[in-house]
Amino acid sequence: MGRPKQLLPLQGKPVIRHCLDTVLKAGIGQVIVVLGYKGEEIANAITDLPVATVFNRAPQSDMAASVRVGLRALSRDPSGILVCLSDHPLVQAATLRTLARRHRSHPDNIIIPEHRGKRGHPTLFPAAVINEVFSGATLRDLQRRNPSSVSVITVDDPGVVLDMDTMEDYRKIRIAVGETAG
């Protein structure tokens, strides 16, 4: 996209702040932000938030590599890990609370939200399953290896399927929040 999408403006603040404000509003416990490309610039945009930042310095690494970096930064052992993506800025706090409630009642499940029949993000992994990334597994591998543990829950939140991979996606997200996409 020519620049870090986490820093693109949305309603007067960087996209990453939308994501983190939602996570914090939902009452999610320890929040670790894994940064890579242009990480210092992104870290500067969130210095006032009660989150820990760590860096994945491996260029061109996959999401599982970033998850490994984040897991190593945990100061306590949670029962589950919510993997949130900064390119999904419109996920609602209520959705995160729904995932956390489902985790409390089904702690061994991989919990994936879906909206209108389409799976989205974030995904909540039980700690025992997510730790399999240390053996080289990707997040998709974890879901394939544990199909009976996957629990898909329907949410009334289009934000779980609205991501920003292109400038056109960003334009659609701006329109969804009532901004002109000029």
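Biologist: What share of the contacts in the chain with a separation of 6 or more comes from residues 24 or more positions apart?

Modeller: That share is 63%. Bear in mind that this is a predicted model.

Biologist: How do you know that the chain agrees with a compact globule?

Modeller: For 182 residues, a compact globule would have a value near 16 Å. The chain has 16 Å, so the two agree. Along its principal axes, the C-alpha trace spans about 45 × 35 × 30 Å.

Biologist: How many helices and strands are there?

Modeller: The chain has seven helices and nine strands. Buried residues make up 45% of its 182 residues.

Biologist: What does the surface come to, and where are the charges?

Modeller: The accessible surface is about 9500 Å². Carbon and sulfur atoms hold 49% of that. There are 23 positive and 18 negative charges, and their mean positions are 1 Å apart.

Biologist: What makes helix 3 mostly covered?

Modeller: Helix 3 covers residues 63–72, and seven of its ten residues are buried. They are Ala-64, Ala-65, Val-67, Arg-68, Val-69, Gly-70 and Leu-71.

Biologist: Now His-115. Why is His-115 called buried?

Modeller: Its relative accessible area is 9%. Buried means under 20%. The value for His-115 falls under that cut-off, so His-115 is buried. His-115 lies in strand 6, residues 110–115.

Biologist: What makes the pair of His-115 and Asp-157 a polar contact?

Modeller: A polar atom of the His-115 side chain lies 3.4 Å from the backbone nitrogen of Asp-157.

Biologist: Gly-159 next. Why is Gly-159 called buried?

Modeller: Gly-159 has a relative accessible area of 2%. That is under 20%, so the label is buried. Gly-159 sits in the loop between strand 9 (150–154) and helix 7 (167–176).

Biologist: Where is Val-91 relative to Gly-159?

Modeller: Along the chain they are 68 residues apart, yet their C-alpha atoms are separated by 4.2 Å. Gly-159 touches Val-91, and also His-88 and Leu-90, leaving out residues up to four places away in sequence.

Biologist: How do you know that Ser-151 is buried?

Modeller: Ser-151 has 9% relative accessible area, and the cut-off is under 20%, so Ser-151 counts as buried. This residue is in strand 9. Beyond four places in sequence, Ser-151 is in contact with Arg-102, Asn-109, Ile-110, Ile-111 and Ile-112.

Biologist: And why is Glu-41 called partly exposed?

Modeller: Glu-41 is at 43% relative accessibility. Buried is under 20% and exposed is over 50%. The value for Glu-41 is in between, so Glu-41 is partly exposed. Glu-41 is placed in helix 2, residues 39–44.

Biologist: How far is Glu-41 from Leu-82 in sequence and in space?

Modeller: Glu-41 and Leu-82 are 41 residues apart in sequence. In space they are 24 Å apart, C-alpha to C-alpha.

Terms used:
Residues are numbered from 1 along each chain as its sequence is written. This is a predicted model: local features need pLDDT of at least 70, side-chain atom pairs count only at pLDDT 80 or more; totals for chains, interfaces and linings use all residues. Side-chain values use heavy atoms; hydrogens and water are left out. Helices (H or I, at least four residues) and strands (E, at least two) are DSSP runs, numbered from the N terminus. Buried means under 20% relative accessible area, exposed over 50%, partly exposed in between (1.4 Å probe, protein chains only). A polar contact is a pair of N or O atoms within 3.5 Å; within protein, one must be able to donate a hydrogen and the other to accept it, and residues adjacent in sequence count only if both atoms are side-chain atoms. The radius of gyration is taken over C-alpha atoms; the globule rule is 2.2 Å times the number of residues to the power 0.38. Contact means heavy atoms within 4.5 Å. Accessible areas come from the Shrake-Rupley method with a 1.4 Å probe; for residues, only the protein chains shown count as cover. Lys and Arg count as positive and Asp and Glu as negative; His and the chain ends are not counted. The place of a charge is taken as NZ of Lys, CZ of Arg, CG of Asp or CD of Glu.
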